[in-house]
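Please keep the sequence and the structure at hand while reading.

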Amino acid sequence: MPDEDYLRLSFAKAREGVSRGQLPFGAAIVKGDEVISVTHNTIYTDGSIISHAETNAIVDACRKLRSLDLSSCTLYATCEPCPMCFGACVLANISRVVFSVRLADGFIPGFNILDITNRELKDLGNAGIEVTGDVLREEGLGLFREWRDHTQGGKANGAEI
């Protein structure tokens, strides 16, 4: 399957998360042609600020593969991974990251992020991970607009975002 098809799995999982009161983030991990994990953000369900879609997918993939080494895997994400998630990708030896929209797009008002891109992190850390962004960008931006409409102006689980 092409990157776009795997990325759409992330979009679908993000929509599932939104229907459960989560933020619109989804991630998939693929090894070769095999989908290993597809998850969404669960910060509200878990009561954990680190339960991002990407970290959830990495934990799930490590368990399923019974390995902490996810080399030759690709992570597909609805949004550019935050620095924490990108660091987890590097620690797990993920080979590629493919994402749709950028953190800098500012689509979630009041959402705290470190203003540093994955490419900058890759360069600063001399990481061998391949980063491809802006894949299905318009479709990804549409996902975040859907979330805003669904949450009536940027509220999830009654909390301002």
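In this predicted model, the side chains of Lys 13 and Glu 16 form a salt bridge, with 3.3 Å between the closest N and O atoms. The count of salt bridges in the model comes to ten, and the pairs described here are among them.

**Within helix H1**
- Lys 13 and Glu 16 lie three residues apart in helix H1, so about one helical turn separates them.
- Lys 13 counts as partly exposed because its relative accessibility is 21%, and Glu 16 is likewise classed as partly exposed, at 27% relative accessibility.

**Between helices H1 and H6**
- Arg 8 and Glu 139 meet through their side chains in a salt bridge, with an N to O distance of 3.0 Å.
- This pair links distant parts of the chain, as Arg 8 belongs to helix H1 (residues 3-19) and Glu 139 to helix H6 (residues 137-150), 131 residues apart.
- Arg 8 is partly exposed, with a relative accessible area of 36%, while Glu 139 is partly exposed at 30% relative accessibility.

**Between strands E4 and E5**
- A salt bridge also joins the side chains of Arg 96 and Glu 130, at 3.5 Å from N to O.
- Distant parts of the chain are linked by this pair, since Arg 96 is in strand E4 (residues 96-101) and Glu 130 is in strand E5 (residues 130-132), 34 residues apart.
- Glu 130 has a relative accessibility of 40% and therefore counts as partly exposed.

Technical notes. Residues are numbered from 1 along each chain as its sequence is written. This is a predicted model: local features need pLDDT of at least 70, side-chain atom pairs count only at pLDDT 80 or more; totals for chains, interfaces and linings use all residues. Side-chain values use heavy atoms; hydrogens and water are left out. A salt bridge is a side-chain nitrogen of Lys or Arg within 4 Å of a carboxyl oxygen of Asp or Glu. Helices (H or I, at least four residues) and strands (E, at least two) are DSSP runs, numbered from the N terminus. Buried means under 20% relative accessible area, exposed over 50%, partly exposed in between (1.4 Å probe, protein chains only).
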